[in-house]
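Please look over the notes that follow with the model open beside you. They take up helix packing and then the ligand site.

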Amino acid sequence: MDKILVTGGCGYIGSHTIVDLVQNGFDVISIDNNGRSNEAILDGVEKIVHRKIKNYKVDLCSYDDTYAVFQENPGIKGIIHFAAYKAVGESVEKPLLYFENNLGSLINILKCAEEFNVPHFVFSSSCTVYGNPDTMVVTEETPQKPAESPYGATKQMGERIVNDTVKNSGISAILLRYFNPVGAHPSIHIGELPIGRPANLVPAITQTAIGKLPTMHVHGTDYDTRDGSCVRDYVHVCDIAHAHTLALNYLLAHKNETPCDIFNLGTGNGNTVLEVIAAFEKVSGIKLNYQLGPRRPGDVVAIYANNNKAKTGLGWNPKYSVDDMMDSAWKWEVKLKTDENIFNRQNAGLN
Ligand code: WQD
């Protein structure tokens, strides 16, 4: 079995991707310092795949500690690099923390990839690299506008660092630009574990519905959209996870036409905030206690993916609907409430 290193393996998308990789025949190890994640999530992964996943509790900003993991694991065939801070608002308040962590860890993992001749590299990027695009539907060739936040800037710079590195190193790479990953694995053994008050829409909805938050606000209803609220391309985290397996197989089969290929990972459908709330209310049977509030600075009005390249190139066909996304997100929130001891014990002070 090809051995794959997943950085950020205890995170939301990382843990779901490990499940998909193992179910598709890969041997996986994780590097995650658990500074913003919870190693207990790998117990959930183990319940799904019936195999223990080794996590190296290492800070990727330490080159020596990262190097030691590669020394202990010769023959790694591919790296999927998720590990990064991702809170847009925090990045505005603490830009240097984001540049140091997100770019420092990326540079170290790429140095090790070169040192240990790892042939394939998949980078976790984001639709945020498009900034505030002139068109609502974006392709991989849509010109990038200035990033709306330091977080977005680390994704733009990260793509450039990967692209320029692999040109001269014989590594083949793929940049995966996620739109809005939401939902939880259908088994409800794993899901999203937001730290503190969630900034993202779906955990804000489910935490309000379960009573963890008193209410939530719709950030703006006066936009030029069909109901005045912002449009996004919500995509189930399991569809995102499977795209990583497809991306690795694409690279292992040497199908890549350039040293660094780019793919949008969105469903190609746009939904407004109010439509997502309506879908949640429909599948949960709960009337959500929300309020209409002012716009959130930095928000893009509307963006969703042209995903033809991922469909034809990777053979990726996202299969979950917005109702599926809301249903699994809600079931996960209910599970967190009933199994609080599992995650709160590990999460002390994290939320
Ligand atoms: C979606 C919509 C909000 C919360 C960001 C990053 C992206 C990725 C996902 C990391 C917006 C509205 C939200 C709330 C609301 N990050 N909203 N009330 O901003 O599209 O994307 O997070 O992987 O890279 O840019 O996601 O979920 O924060 O917001 O009305 O309580 O929901 O205004 O219109 P976003 P989001």
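1. A crossing is left-handed if the near helix is turned anticlockwise from the far one by less than a right angle, and right-handed if clockwise. Helices here (H or I, at least four residues) are DSSP runs, numbered from the N terminus.

2. The model is predicted: local features need pLDDT of at least 70, side-chain atom pairs count only at pLDDT 80 or more, and totals for chains, interfaces and linings use all residues. Residues are numbered from 1 along each chain as its sequence is written, and side-chain values use heavy atoms, with hydrogens and water left out.

3. Helix 1 (residues 12–23) and helix 2 (residues 41–49) cross in the right-handed sense. Their axes come within 10 Å, at an angle of roughly 25°; axes are lines fitted to C-alpha atoms, for helices over the stretch in contact, and angles run from 0 to 180 degrees between N-to-C directions.

4. On the helix 1 side, S15, I18, V19, V22 and Q23 meet I41, L42, V45, I48 and V49 of helix 2, contact meaning heavy atoms within 4.5 Å. These residues comprise 8 nonpolar, 2 polar and no charged. Ala, Val, Leu, Ile, Met, Phe, Trp, Tyr, Cys and Pro count as nonpolar, Asp, Glu, Lys and Arg as charged, and the others, Gly among them, as polar.

5. Helix 5 (residues 95–115) packs on helix 6 (residues 150–167) at about 20°, with the axes 10 Å apart. The two are therefore roughly parallel, and their crossing is right-handed. Residues in the contact include Y98, F99 and L103 of helix 5 and Y151, M157 and I161 of helix 6. By class, the contact holds 13 nonpolar, 4 polar and 1 charged.

6. Helix 7 (residues 201–210) and helix 11 (residues 322–338) have axes 10 Å apart and an angle of about 50°. That makes helix 7 oblique to helix 11. The crossing is right-handed. Among the contact residues are V202, T206 and I210 of helix 7 and W330, E333 and K337 of helix 11. The contact divides into 8 nonpolar, 2 polar and 2 charged.

7. The distance is 2.5 Å for D299, 2.7 Å for S126 and 3.4 Å for Y151.

Note on methods
Polar contact = N/O pair within 3.5 Å; in protein donor to acceptor, adjacent residues only side chain to side chain. Parallel < 35°, antiparallel > 145°, perpendicular 65-115°, else oblique.
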